[in-house]
Number of protein chains: 2
Amino acid sequence: MKFDLPQTPAVQVSGKSFRLAQVDPDDITPFVYGADDKREASPRLLVLRQRLSDLQELLYAEHKRSVLLVFQAMDTGGKDGAIQNLMSGVNPAGVHVSAFKAPSTNELSHDFLWRVHAQTPKRGHIGVFNRSHYEDVLITRVHGLIEEKIWKQRYEDINNFEALLTNSGTVVLKFFLHISKAEQAERLQARLDNPTKHWKFDPNDIKERKLWPAYQQAYEDAMRHCSPAHAPWFVVPANQKWARDLAITEIVVAALEAMNPQPPKATFDVAAQVVE
Amino acid sequence: MKFDLPQTPAVQVSGKSFRLAQVDPDDITPFVYGADDKREASPRLLVLRQRLSDLQELLYAEHKRSVLLVFQAMDTGGKDGAIQNLMSGVNPAGVHVSAFKAPSTNELSHDFLWRVHAQTPKRGHIGVFNRSHYEDVLITRVHGLIEEKIWKQRYEDINNFEALLTNSGTVVLKFFLHISKAEQAERLQARLDNPTKHWKFDPNDIKERKLWPAYQQAYEDAMRHCSPAHAPWFVVPANQKWARDLAITEIVVAALEAMNPQPPKATFDVAAQVVE
């Protein structure tokens, strides 16, 4: 999947030399914005949403190819919010969001890609992964549940799996929502300070937070090893929610534009149809 | 499920005396509207969407009850559009849209509620049915695929099934998007006139259109027989898309307000949590 990257603060991972620390989670520079742009319904976002809606309908109508959007982030990174934003205005009949939580006993008794493969989008559809097979080289690695040779093997398995999807007509785009450690502290504290948000808080989040450097390292390694041109990773500065949402929508729209889905020709005699 | 019905053009089906022909598909009267109200993002709709988003989060957090929204309509009635509108702004992680098309061989070898039951929403979720088990007393009846005693039996089966859902904590709301025959003609013609919409047109739609009175009768009968207080049918005037969307959103928000979902209490010691 080759397409001209739109001007956004997002950085496409370029391979082995990529350094996560070089991306500023607060970056919004390429966006020229006025007073309105930070609003949830900024003019540019409304234009993009309409374009996304039209392109999705064409993708659905064409019924040949599909799109898989993978979302990963540290806790509070904004996966739910970003997905909700992206999906507002698209036809739910053509989108399927899959959230991957801790695997079940049944899922664990298969290979790590088994449950993920089952959720890949069918022709004409957009599939969205809220977490994904990448957790199997992240949390498992950080907690020492798998050895180095296993996670390195998994990079290869992941690349082969994503190549299969690409070869079968699925465009794979992967987004890492990049927040700073200080931003995470603010978001966790905000959940603690608001009783209606306590259900979103897990004391375990504080333990996980202490493993921040190990997670950043695991993310960086995974992105370095699993960024073929056909299934790119985008690191999206995500401290500013509006800029995060705008950047993601720009990239998805640009990818769909490049796919250029075409509505199928009528299989019936159009002139012969009379609506009475 | 009892709740104060908001002021909308929609009519709640009241039982055996209900007459579909008495609902005007063009009705917009209870809506006081200005120049802005017909826009896709009218002020009232934006307010309702935010409220819906907040209530959905609480329903999800509470994780005790669920909501099932059933959408039925004649061809071109606007099911996709209404669902897309309703879902814009809600968190896709808590919503599942199921479209029921012609049943597969496997589905046909089970009872007619089997495939439907499998798609009912889990706790905390909103399930949306694009077509539903009602097709089994509509298209099947109109085309003479089942006998009268079968469809009458099915009314009872449907009532029992919806009672099971209600008893298990699911609020069931059913919407019939009511367009006029003239409006359908316009919408079908618009598809024929636009080559990018030909994929949405099926010559069979014209044959089905000739069965309009039989379908209206089948809908009316189904609504008369399957409108218990706990699983009401709403007939939504749907010639005007903006009024249709506004009416549905008003009703869903009112129902969720009446459910009054509560976030669960924290299961951890809030004061002991320190974000460093």
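**Salt bridges and the A–B interface**

User: Buried or exposed: how does Glu135(A) count?

Analyst: Glu135(A) has 12% relative accessibility, to be read against the cut-offs (buried is under 20% relative accessible area, exposed over 50%, partly exposed in between, with a 1.4 Å probe and protein chains only). Bear in mind that this is a predicted model: local features need pLDDT of at least 70, side-chain atom pairs count only at pLDDT 80 or more, and totals for chains, interfaces and linings use all residues. As for bookkeeping, residues are numbered from 1 along each chain as its sequence is written, chains are lettered from A and ligands numbered from 1 in the order in which they are written, and side-chain values use heavy atoms, leaving out hydrogens and water. So, at that 12%, Glu135(A) counts as buried.

User: Which residue forms a salt bridge with Glu135(A)?

Analyst: A salt bridge here puts a side-chain nitrogen of Lys or Arg within 4 Å of a carboxyl oxygen of Asp or Glu. With the closest N and O atoms 3.1 Å apart, the partner of Glu135(A) is Arg131(A).

User: How many residues apart in sequence are the parts tied together by Lys174(B) and Glu162(B)?

Analyst: These two side chains meet in a salt bridge at 2.7 Å, N to O. Lys174(B) sits in strand E5 (170-178) and Glu162(B) in helix H6 (148-167) of chain B; helices (H or I, at least four residues) and strands (E, at least two) are DSSP runs numbered from the N terminus. Both residues are buried. The pair therefore ties together parts whose separation in residues is twelve.

User: Which helix holds both Glu183(B) and Arg187(B)?

Analyst: Their salt bridge has its closest N and O atoms 2.8 Å apart. They are four residues apart, about one turn of the helix, and that helix of chain B is H7.

User: How much area do chain A and chain B bury between them?

Analyst: Buried area is the accessible area (1.4 Å probe) that two parts lose on being put together, summed over both. Of the total, 63% is on carbon and sulfur atoms. On chain A's side, Gln84(A), Trp199(A) and Val275(A) supply 19% of what that chain buries, more than any other three residues. The whole total is about 3,500 Å².

User: Which element gives the most to the side of chain A that touches chain B?

Analyst: Salt bridges between the two chains number four. Several elements of chain A each supply at least two residues to that side, including H2 (79-87) and E3 (95-99). With five residues, the one that gives the most is H1(A).
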